[in-house]
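Dear colleague,

Please find the structure below, together with its sequence. My notes on what was found in it follow.

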Amino acid sequence: MQGAALIMSARTFTDFTTRATFEIKKCDLFLLDEGPATQVVLTRDEGLQYYRTMQVMRRMELKADQLYKQKLIRGFCHLYDGQEACAVGLEASINLSDHLITAYRVHGYTYTRGGTVKEIMAELTGRRGGIAKGKGGSMHMYCKTFYGGNGIIGAQVPLGAGVALACNYLGNNELCVCLYGDGAANQGQIFETYNMAALWKLPVIFVCENNRYAMGTSVERAAASTDYYKRGEFIPGLRVDGMDVLCVREATRFAADHCRSGKGPILMELQTYRYHGHSMSDPGLSYRTREEIREVRSKSDPIAMLKDHMLSHNMASVEELQGIDVEVRKEIEDAAQFATTDPEPPLEELCNHIFYNELPFEVRGTNLWTKLKSLS
C-alpha cells in the first residue's frame with residue numbers, strides 16, 4: 001500500500017480516464033440470432049480490480065510451482081496460469097450468490113469465489129489452516145456456492161445440472177456455471193446432462209475451457225469435431241476468446257441473461273491456453289514446443305492484454321500497476337510463509353466432516369488399536 005500511496009502523491013486520480021470503450025472480438029454463434037456486444041465499456045476501477053485479481057492468480061500458481069518442486073506440496077497439482085481471463089471474466093458477470101462447479105484446475109476459482117490466498121496455499125501444503133482444513137489438497141477446495149474441484153473427468157457436469165435444478169425448484173433466480181475442459185467434452189455423461197438440462201430448461205451455463213491439449217493430446221487428435229460450442233446440438237452456444245477478460249465478461253453477461261430469462265441452458269467454449277503442463281508431473285513439452293508457448297505469451301497473455309488496454313487509454317500508469325504487482329508479491333510470500341509453518345491437521349481430524357449434521361460415530365483408525373470419533 002505504501003508504494004501505491006507514493007504513486008498517487010505524484011499523480012492524482014483526476015489525471016486518469018475513468019471509463020473507456022473498447023472494440024472486442026465477435027463471438028461465434030450457434031442457434032442464436034444475436035450475440036454479446038462487441039463494443040464494451042471498462043471503468044478504471046473495474047480494470048484495476050481485474051488486473052489485481054489476475055496477478056494474484058498468476059503469482060499464486062507460480063509460487064505453487066516453486067513449493068511443489070521443493071516437495072512442500074505433494075500429490076496432484078494442476079496449475080491455471082494462462083487461463084486467468086476465464087475465471088475473472090466469468091465472475092465479473094455473475095453474482096457470488098450464483099453457483100459454480102469445476103474440475104481439478106481449481107485454485108483460481110477458489111480465490112474468485114471467496115477463498116483467501118492464505119487458505120489456498122495452506123490447503124496445497126496440507127495444513128490445518130487450509131480451506132478444506134488440509135484434507136483436500138490441490139484438487140478438492142470448496143467454499144460457499146462453490147462446489148469445488150472434482151477429480152473424476154466430467155463428473156462435475158451432472159452435479160452442476162443438479163445445482164441448477166435446485167435453483168429452479170427454489171425459484172431464487174440464481175444459476176449454476178458448470179466448467180469442464182476440452183478433454184472432458186467427449187464424456188458421455190456430459191451429453192446426458194445436456195439432454196436433461198434442455199428438457200427441464202435449467203439455468204445452467206455449460207463452460208468448456210478449451211486449453212487445446214486436455215491431458216496432453218491436441219484437440220485435433222482427440223475430437224472429430226473441435227467446435228465444442230456446437231456440441232449441445234439443441235442448446236445455443238458461443239465460442240469466445242478466452243484470453244481476453246472483456247470478451248469473457250460480455251459473453252458471460254449474455255449467457256447469464258439467457259438463463260435468468262427462463263430460456264434454459266447455454267454453452268460457452270472459452271478458447272484459452274495453459275502455460276504449465278496438464279499437472280506438475282507433466283513438463284508440457286512432449287506434445288507442444290517451447291516456441292508455441294512463447295508465442296502465446298507474447299501475443300495473447302491475458303494480463304498483458306488488459307495492461308495494454310489500460311495504459312493505451314490512460315486508465316492507469318505503469319508505476320501504479322507496478323505498485324499492485326509489489327503488493328501482490330508480498331501477499332503471496334506471506335501466504336507461502338503461513339502455508340509452510342502452519343501445523344498439519346492432527347490424526348483426530350481424519351474422519352471429521354464426512355457427513356453433514358450427523359451424530360458422531362466411531363471409525364477404526366490407522367491401526368487396530370486406534371479408534372477415531374467423527375464430528376460433523
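**A buried threonine and its surroundings**

With a relative accessibility of 3%, T272 counts as buried, because buried here means under 20%. Please bear in mind that the model is predicted. T272 is placed in the loop that runs between strand β9 (266–271) and helix α10 (290–300). Setting aside the neighbours within four places in sequence, the residues in contact with T272 are G82, Q83, C86, E209, N210, N211, R212, G242 and M243.

One of these contacts, C86, is also among the buried residues of helix α3. Helix α3 covers residues 84–91 and is mostly covered, with 8 of its 8 residues buried. The buried residues of α3 are E84, A85, C86, A87, V88, G89, L90 and E91.

**Helix α5 and its two partners**

Helix α5 (residues 117–124) packs with helix α12 (residues 318–341) at an angle of about 40°, and their axes are 8 Å apart. That angle makes α5 oblique to α12. The crossing of these two helices is right-handed. On the α5 side the contact involves V117, K118, M121 and A122, which meet E331, I332, A335, F338 and A339 of α12. By class, the residues of the contact of α5 with α12 comprise 7 nonpolar, no polar and 2 charged.

The other partner is helix α2 (residues 44–69), which packs with α5 at an angle of about 25°, with the axes 11 Å apart. This makes α2 roughly parallel to α5, because angles under 35 degrees count as such. The crossing of α2 with α5 is right-handed. From α2, the residues V56, M60, K63, A64 and L67 take part in the contact, and from α5, V117, I120, M121 and L124. The contact of α2 with α5 has 8 nonpolar, no polar and 1 charged residues.

V117 and M121 of α5 are listed in the contact with α12, and V117 and M121 are listed in the contact with α2 as well. As background, an α-helix has 3.6 residues a turn, so residues three or four places apart point the same way.

**Annotation from the record**

An unreviewed UniProt entry places the feature "domain: Dehydrogenase E1 component" at residues 53–347. In the model, the end C-alpha atoms of residues 53–347 lie 35 Å apart. This span is 45% helix and 11% strand.

With kind regards

Definitions and conventions:
Residues numbered from 1 in each chain as written. Predicted model: local features only at pLDDT ≥ 70, side-chain atom pairs only at ≥ 80, totals over all residues. Heavy atoms only, no water. Axes fitted to C-alpha atoms, helices over the stretch in contact; angles between N-to-C directions. Helix = DSSP H or I, 4+ residues; strand = E, 2+ residues; numbered from the N terminus. Parallel < 35°, antiparallel > 145°, perpendicular 65-115°, else oblique. Left-handed = near helix turned anticlockwise from the far one by under 90°. Contact = heavy atoms within 4.5 Å. Nonpolar A, V, L, I, M, F, W, Y, C, P; charged D, E, K, R; others polar. Buried < 20%, exposed > 50% of the residue type's maximum accessible area, 1.4 Å probe, protein only. UniProt positions renumbered as here; feature names shortened; annotations may be inferred.
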